[in-house]
Amino acid sequence: MKSIIKTPATRAIYQHYINGTFYGSVPSGDYIEVLDPCTEEIIASVPRGGQEEADAAVDAAVAAQRHWSSLPSVERAKYLKAMANTIRENRVMLAETLAREQAKVKALAQVEIDVTAEYYDYYAGFARAYEGEIIQSDRVGEQIFLHKLPIGVVVGICPWNFPFFVMARKVAPSMLTGNTIVVKVSEEAPLTCLEFTKLLGSVNLPKGVLNVVCGYGNEVGEALTHNKNVGMISLTGSVDSGHKVMAAAAKNITKVSLELGGKAPAIVCEDADMEVAVNSIVASRIIYSGQVCNCAERVYVEEGVYDAFLEKLTTAMKAVKVGNASNDSGIDMSAQINQKQLDKISGMVDRAQAAGAKIATGGKKSTSFDKGYFYEPTVITNVKQDAEIMQKEVFGPVLPVMKVKDFDEALKLANDSEYGLTSAVYTRDINKMLRATKELNFGEVYFNRENFEAIQGFHAGWRKSGIGGADGKHGLEEYLQTKTIYIQQTS
Ligand code: NAD
């Protein structure tokens with residue numbers, strides 16, 4: 001947890017966005033400092049919300065919901081399109097803010113901003129496409145209709161790793177379907193989302209439809225999850241937070257949608273295109289400095305190609321260029337989000353080594369930078385399946401690699417995980433592909449490419465990786481509830 005200051009100094013100061021106005025006890029009140037992870041410099045202060053802000057935001061969303069849901073969906077879609085346009089008009093400023101607050105390489109930050117604009121447009125396109133049903137009746141003169149209706153007020157709780165995109169993942173389908181929403185931004189990377197609230201004036205969104213609050217999970221976050229007027233909580237975060245949110249939701253039987261952690265296996269078969277396998281696995285591990293839920297966390301390699309693969313992988317990881325996300329160009333990755341994350345990665349690698357693992361490259365905090373939370377791109381061998389490094393999410397630029405005797409063993413070990421988000425297989429053998437399609441127990445299976453989902457797909461984890469999912473037409477359905485109407489004709 002970052003330190004709290006009572007009175008903000010000269011840095012940028014942000015406020016909550018509740019009921020169409022900026023809200024927060026400036027200049028007094030508790031604030032959370034936001035640091036640049038590359039320089040450890042304090043760049044902004046955001047308010048530390050609690051019960052009062054949570055209640056005010058939910059009350060505003062409740063008050064706005066009836067009118068909002070009464071609008072034709074094409075009218076609601078116009079606001080989504082306006083939000084997309086606003087993002088595009090400010091795409092560079094938003095990407096720079098994102099790159100700085102969370103050490104995301106600028107090119108990737110720009111992709112996140114641009115895809116987010118596309119995401120609002122994509123869901124606006126559903127305005128005339130989602131439908132109810134007419135159901136056959138058993139009775140003469142009766143008609144049965146199934147209406148698809150908004151749930152009411154949604155609470156969207158966001159992580160720090162893709163803060164702007166994940167906010168859209170919750171806001172766009174909620175708003176399109178007639179829900180109103182309270183977003184709880186991450187305390188680690190709130191700034192891009194808060195910059196976006198400052199741009200909403202040009203969208204003329206009715207008050208209370210979208211509210212954004214800041215603060216810690218166990219304060220404002222928890223207050224939101226206990227509120228009885230909330231119809232659905234959508235959390236993207238760690239399994240630990242998933243447990244807590246589910247427990248809080250149980251009190252009011254509030255619907256939950258959980259997008260949680262992952263421990264994605266990558267299987268490299270003897271017949272794989274080695275270049276594709278190495279490039280995809282490296283890209284999957286170093287994208288946003290390894291802090292992506294769906295990307296390769298452990299690699300199983302068939303013994304016939306193990307040595308060749310390991311050599312190529314190690315060479316590629318050694319060649320990864322690391323630098324300051326805001327200032328350096330031509331870099332592949334940057335710092336970890338904070339000291340806690342850096343220490344977590346470092347601790348896991350140290351414990352793996354103590355248990356007998358070998359470091360092929362990397363394996364420690366970077367010494368190339370005076371400041372910042374940098375960790376070296378790392379390859380680890382001699383790991384055991386039951387080791388922490390093979391079972392728990394590292395969320396850093398660290399790849400443990402294990403030799404397996406054949407595809408059967410690879411499938412078995414890949415499935416041996418409490419997580420079930422994504423998986424990948426590198427092979428040109430159609431029979432192996434068909435087997436993996438059937439036998440890998442994960443929400444997504446990628447063949448011969450890096451793990452990264454499409455907005456029209458469905459991103460949904462199995463086991464502890466989550467409940468429900470996001471994106472595409474199935475993601476839209478998450479934000480709808482049904483009402484079945486029986487009408488009997490009388491004579
Ligand atoms: P986190 O769980 O620490 O925090 C996520 C959000 O939950 C934050 O806004 C936090 O303040 C809030 N929160 C924490 N405790 C809460 C509580 N008791 N009540 C309400 N809110 C609470 O996760 P993080 O560190 O921000 O993000 C990294 C994690 O997110 C990783 O495990 C990663 O795999 C996962 N993730 C998953 C997906 C996915 O699509 N499955 C996408 C991105 C990130």
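Colleague: Hi! Let's start with the second largest pocket: how do the residues of its lining divide into nonpolar, polar and charged?

Modeller: Hi! In this predicted model, the lining of the second largest pocket divides into 15 nonpolar, five polar and five charged residues.

Colleague: Thanks. How many residues line that second largest pocket, and which lie nearest its centre?

Modeller: The second largest pocket has 25 lining residues. Nearest its centre lie Phe162, Phe165, Arg169, Phe452 and Glu453.

Colleague: And which elements give two or more residues to the lining of the second largest pocket?

Modeller: Those elements are α4 (106-124) and α5 (163-176). The largest share comes from α4, with five residues.

Colleague: What about the space in there, how much lies in the second largest pocket?

Modeller: The second largest pocket holds about 360 Å³ of space.

Colleague: Let's get down to atoms. What do Lys184 and Ser238 do with the ligand's oxygen atoms?

Modeller: Lys184 has a polar side-chain atom 2.6 Å from an oxygen atom of the ligand. For Ser238, a polar side-chain atom also lies 2.6 Å from an oxygen atom of the ligand.

Colleague: Which backbone atom lies 2.7 Å from a nitrogen atom of the ligand?

Modeller: That one belongs to Leu260: a backbone N or O atom of this residue is 2.7 Å from a nitrogen atom of the ligand.

Colleague: How much of the ligand does the protein bury?

Modeller: The protein buries 90% of the 840 Å² that the ligand exposes when taken alone.

Colleague: Nice. Back to the largest pocket itself: what volume does it have?

Modeller: Its volume is about 1400 Å³. The largest pocket is lined by 47 residues, and Trp160, Glu187, Ser238, Ser241 and Lys340 are the closest to its centre.

Colleague: Which elements give two or more residues to that lining?

Modeller: For the largest pocket, they are α7, β12, α8 and α11 (339-354). Here α8 has the largest share, with six residues.

Colleague: Last topic, cavities. How many of 30 Å³ or more does a search of the whole structure find?

Modeller: The search turns up one cavity of 30 Å³ or more. About 60 Å³ of space lies in the largest cavity.

Colleague: What lines the largest cavity?

Modeller: Its lining residues include Arg169, Lys170, Met232, Ser234, Thr236 and Tyr479. The elements that give two or more residues to this lining are α5, β12 and β13 (255-259), and β12 gives the most, with three residues.

Colleague: One more: how does the lining of the largest cavity divide by class?

Modeller: The lining of the largest cavity has three nonpolar, four polar and four charged residues.

How values were computed. Residues are numbered from 1 along each chain as its sequence is written. This is a predicted model: local features need pLDDT of at least 70, side-chain atom pairs count only at pLDDT 80 or more; totals for chains, interfaces and linings use all residues. Side-chain values use heavy atoms; hydrogens and water are left out. A polar contact is a pair of N or O atoms within 3.5 Å; within protein, one must be able to donate a hydrogen and the other to accept it, and residues adjacent in sequence count only if both atoms are side-chain atoms. Accessible areas come from the Shrake-Rupley method with a 1.4 Å probe; for residues, only the protein chains shown count as cover. On a 1 Å grid over the protein atoms alone, a cavity is a set of points where a 1.4 Å probe fits but cannot get out, and a pocket is an open set with protein on both sides within 12 Å along at least five of seven lines; lining residues have an atom within 4 Å of a point. Grid points are joined across faces, edges and corners, and a volume is the space filled by probe spheres set on the points. Helices (H or I, at least four residues) and strands (E, at least two) are DSSP runs, numbered from the N terminus. Ala, Val, Leu, Ile, Met, Phe, Trp, Tyr, Cys and Pro count as nonpolar, Asp, Glu, Lys and Arg as charged, and the others, Gly among them, as polar.
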